[in-house]
Every structure is written in C-alpha cells, then in structure tokens.
Amino acid sequence: MEEYIVSARKYRPVTFDTVVGQQALTTTLKNAVKSGKLAHAYLFCGPRGVGKTTCARIFAKAINCMSPTENGEACGQCESCQAFNEQRSFNIFELDAASNNSVEHIKTLMEQTRIPPQVGKYKVFIIDEVHMLSTAAFNAFLKTLEEPPAHVIFILATTEKHKILPTILSRCQIYDFERMTVRNTIDHLKSVAEKEGITYEEEALAVIAEKADGGMRDALSIFDQAASFCQGNITYQKVIEDLNVLDSENYFQIIDLSIINKVADIMVLLNQIINKGFDGGLLVQGLAKHVRNVLMAKDPQTLPLLEVSDQQRERYQAQAKKCPTPFLYKALQLMNQCDINYRQSSNKRLLVELTLIEIAQITQPEDAPGSGRKPRRLKSLFKQLIQQSQPKTTAPQVAVAEPAASTPTRATQPTKPTTPTARAPKLKSSISLSWGNMRQKMNGGKTILPTDASQDNSDSENNQPFTPEELQIEWLSMCNRMPQHLSGVATRMKNMNPVITEFPALEVVVENQLAMEQMEQIKGSIVNTLKRDLHNQGITLSMRVAEHKKGERILTRREQYELMEKENPSVAKLREIFDLNLA
C-alpha cells in the first residue's frame, strides 16, 4: 500500500508559479533572482499557512541555482537543485527559532556563516518563527545581520512582526503575505480534488474555505478531514455535519421570516438551532455576517466584496431584492449591540430572543398589535381627549369662585377660558422681553425692567392661579432660557426651590451673599418672566440668604461615657460591680 501523505505536504508548492494568492511577492522575488540584486536579509511576515516558509525555501533554491530560468525560477536539474530536493544541501540551513532561541544557538549559527559555500554562490539561513528569539539572542544576532559576509543571506519568517525588535526590522527587506481569499482557496481545492479523483460540491468547498480563515494549510487539512468523512464525495450537508457548522439556510430563513414579521416561527427555529448545540452568540455573529453579505449584494459595486461561491452569491442577490435597506441597517445595529452585551448578560438566550424579536418588528407597521412601539405621544393623546370632552359652545364659560380669606388655590380661582396650549404663544414674547436685551439693560448693577402693558388686557388673564408644581416647572424653564452670559447664575438658580408664601407672593432661599448680589441685579427680569409665564401680574419675589447652623462639637469617648452614665445611672453601678476602667 502506498504511503499516505497529507495534502498540505503532498501539494506544497515547489516553484514560484505554483504559490497561491501571493503573485505580487513572488514576482518581486523572481525579478530579484533574474537581476541578481539580492539583499542580505529578508523578513517574510503574515498569518499562518499562507506560504512564508514555502516561499523562503523556493527563494533559497532559486538563489543557489546554477542555471536559473529566464523568469527567475530554479532549473531543478543542476547539482544545487538536486541537493536541495534530496535534502542534502550544505548551503541552505533551516532553523526553528521556537526551539533554538537561546544565545548559544545563535552563536553557533553565526560561526557557520564564516565558512563559504562549497557549491553555489550563497549560504542561505532560513530562521522560522524568528519572533521567538530571546532579547539576548536578538542582540547577539544583530551585529552579524547588520554586516554579514558577502556569501550569506538571511531569510526570516514570522507570524508576529510586532514582537521583533525595530533594529532588526530596519535591516531587512520586509514582505507582508496576504490572507488567502475564499475564491483562491476554492480554486486550489478544486485542483487538488481533481488530482485526487474526489467529487465535490462547490458550496462544500466554500464552507471549508471560510472555516480555514485565510490559511491554505488549514484549508487542505480540513479538506483531508472532509474527504475522509465523505468517502471521496464531498457534499455540503456532510461537510457542515462533519465540521459542526451552522447551515446558512437558517440565516436565510430568519431574514425571510423577519421581513414578514413571523416572530413565533423565528422563536421555533431558534429553539431548534440551540437544541443542536449551537451557541446563541455564534448565531448572532453568523447572522450579522449574513446580513452584511445581503447588504453588499444590493449594489453591483459592492458585489465583489462577497467571498462566497457563485451559488451563494445568487441567493444573496435574490434575498437582497426583498430586503429594504433601512431594515438591513437597523438589523446590523441591533445584532452589533447584542454582540457587545452578550458576555455580560446573565440570561444569554433571552438576550438573543429579544434581539431577534426586535429584528422581526423592524418592518412591522406602527399601529399593528404587538409591534412594541409607542404609536403616539401621550401628550398629544391627552390633548385630543381634553378637546373631545369639552362642550362645543360659541362663548367660553368662566367659573366664578367664591371669595376666600385664605391662600387661593387653583380650585377657588377663575378657570382659564382657553385651550391647554393657550400659554404657548406668549412664551417667545416672555423670553424676548425678559432676557433678549439683558446686556443693554444692565446699568450700574441695577436692572431696568421691560414693560409691555399691551399684552395683558383682561383681569382674568392677568391673575391666573398656579400650583407649586407649575411654579417649579416655569422656574426651571426660565433658567434654561437665560442667555449665555448669565449661565453661572442660571446654574445656581436651578438648585433653588421657590415657594409660595402668601399667594401670589414668592420666596426663594439663596445659598450665600454672592449669589444674592448676582440675583438682585436680575430680580426684575425674573419677576417679569414669572408674571408672564404664570399669567399672574400680582407675583412678587423676596430673597433671603440661607441660615447656616453651627456644627456641633464631636464628643470624646470619655465625654460620651459620662453622658451615658448621666442619662442611665445603672451604667455606673455596672462599672463598679465588674471593677471596670475606661481605657
């Protein structure tokens, strides 16, 4: 029986032209070989499984080839190439820095650089995972890397470039390898499957490519696993079963049900997915990626951004035609918020369910039952109820209250014969009269109050009752409308609570004398504004500074005991019986 070799090793590229997905880098390296313009140090960096070490070996072989081809490839026939293929070359050394990362290993390597090559032009040292070298080893390597012998070339490979010292980086030509695209991975897997005589479905290969996450070595390993499970016939259903991947059909169903607001069906589908062992957080992440792909499929310009198979691309386009763009935007926002809160949530399933319910209600009409939205503002609803309850008469009815000696309340005063919005038109006038020209009306620390008798024509309009709650609301509203140069006073006034002493006389307690002086300057405007906002021309305002009580002296422990003994003589008897002393 022929010895089995995994696909990642069996189909490892041996020439630059067979390297997948790195055309720009391989072209650069081939041109360097053709022109003979070789640097003394190269750094190949990028994610795992994209061909860094493979390219380093191909490059080292091409450098030492005695008769390279016109396009910069190694001939494969000369003594140097034969020695490399048979793994007996003395000019190419490969070192794993993960297990040889000490200063002694680097010093041994540096001693080998002194010996010139016996066959070929250069000695090539490939150091894999170079970021694993210790700081001391890097420092020992630095001098040789800066000024190596003419016959030495270093090729460093790493997956974590940020861990390498800047002094090392500055002495190397840096090549950044790209992740494999899904399309490149699928095409390469197709060629491997055809060589191995394995039948396949393109959707199945797309699932393998997405699972590999840009690494060709991972893709080939998963391909071998799937081929073994499927017995030479790689199908979509068997691949998702073998890899335990959630079927993308679930995502299409959830979006289709969300558009038509089928919340119950979505909850049943979610329960089936969770019962299969899939995590709710991974479901939300996969659904977010699916919605993103649907959004990209809506525009022909963004369609190339879909890294999926041709069949899947057609399905995304079909669903994109049914999904409104605002729906996709809102769904992405909700799923992103769910993903952020998922780890901190104590009830993760409930969070996922609520997110899917909200997504299913995006396209639901506002007046539909169960939409979960506020169909109307309460304020406008109450206005309509009040207007409907009022009798339709040609003349307004005024309720006459009996005179009383006590402080009048809203029930004992004439009611306002206007609609609830009657005060709104006077608001702007009040602001302009009270604060509009405040800078010009400040004269010598005294405020010249604006007057406008033409606005108030009826006694009933000028003497409206108001409650403490209405007073507080209008006070805060006045503070919020005060001009910018009075922002400091306005901030202090927001913390004050005006009270009705003897209607309509008002009193406010000020924190300190400085605040009192500032408010005295604008007292006229304050009173004028309250008169107009509360529709009562009899309002007066008195201000006083708050009384600060002197703090009580804190008693010592002995004084506390003496006070307790004085209030309760039994404590003294207890001390005498037990012969206690106060510490």
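Biologist: Starting with helix α10, residues 216-230: how far apart are its end C-alpha atoms?
Modeller: They are 20 Å apart. With 15 residues at 1.5 Å a residue, α10 should span 21 Å, so the two values agree. The expected span is 1.5 Å times one less than the number of residues. Helices here are DSSP runs of H or I with at least four residues, strands are runs of E with at least two, and both are numbered from the N terminus.

Biologist: What kind of model is this, and how are residues numbered?
Modeller: This is a predicted model, where local features need pLDDT of at least 70, side-chain atom pairs count only at pLDDT 80 or more, and totals for chains, interfaces and linings use all residues. Residues are numbered from 1 along each chain as its sequence is written, and side-chain values use heavy atoms, with hydrogens and water left out.

Biologist: Back to α10. Which of its residues are buried?
Modeller: Met216, Ala219, Leu220, Ile222, Phe223, Asp224, Ala226, Ala227 and Cys230. Buried means under 20% relative accessible area, exposed means over 50%, and partly exposed is in between, with a 1.4 Å probe and protein chains only.

Biologist: Why do residues three or four places apart point the same way in an α-helix?
Modeller: Because an α-helix has 3.6 residues a turn.

Biologist: What covers the buried residues of α10?
Modeller: The cover includes α1 (7-10), α8 (182-196), α9 (202-212), β7 (233-234) and α11 (236-243).

Biologist: Pick a residue in α8. Is threonine 185 buried or exposed?
Modeller: Threonine 185 sits in helix α8. Its relative accessibility is 2%, so it counts as buried. It touches Met180, Ala209, Met216 and Ala219, leaving aside residues up to four places away in sequence. A touch is a contact, meaning heavy atoms within 4.5 Å. Met216 and Ala219 are also among the buried residues of α10.

Biologist: What comes just after α10?
Modeller: Glutamine 231, with a positive phi of about 55°. It is not a glycine. Its place is in the loop between α10 and β7. At 68% relative accessible area, glutamine 231 is exposed.

Biologist: And histidine 535: buried or exposed?
Modeller: Histidine 535 is buried, at 3%. Phi is near 55° there, again a positive value in a residue other than glycine. Histidine 535 lies in the loop between α25 (523-534) and β12 (540-545).

Biologist: New topic. At what angle do α12 and α14 pack?
Modeller: About 75°, with the axes 10 Å apart. Helix α12 covers residues 248-259, and helix α14 covers 280-297. Axes are lines fitted to C-alpha atoms, for helices over the stretch in contact, and angles run from 0 to 180 degrees between N-to-C directions. The two helices are therefore roughly perpendicular. Under 35 degrees counts as roughly parallel, over 145 as roughly antiparallel, 65 to 115 as roughly perpendicular, and the rest as oblique.

Biologist: Which residues meet there?
Modeller: From α12, Tyr251, Phe252, Ile254 and Ile255. They meet Leu282, Leu283, Gly286, Leu287, His290 and Val291 in α14.

Biologist: What do the buried residues of α17 pack against?
Modeller: Against α12, α13 (263-275), α14 and α16 (325-341). Those buried residues are Leu351, Val352, Thr355, Leu356, Ile359 and Ala360.

Biologist: How about α23 and α24: where do they meet?
Modeller: Val489, Arg492 and Met493 in α23 meet Ala515, Gln518 and Met519 in α24. The axes of α23 (residues 487-494) and α24 (residues 513-521) come within 11 Å and cross at roughly 115°. That makes α23 roughly perpendicular to α24.

Biologist: Where is asparagine 91?
Modeller: In the loop between α4 (79-85) and β2 (92-96). Asparagine 91 counts as buried, at 6% relative accessibility. Valine 119 is 28 residues apart from it along the chain, yet their C-alpha atoms are separated by 7.4 Å.

Biologist: Which peptide bond is cis?
Modeller: The one from phenylalanine 503 to proline 504, with omega near 0°. Proline 504 is in the loop between β10 (499-502) and β11 (505-510).

Biologist: Last one. How many helices and strands are in the protein?
Modeller: There are 27 helices and 12 strands. Of its 583 residues, 41% count as buried.
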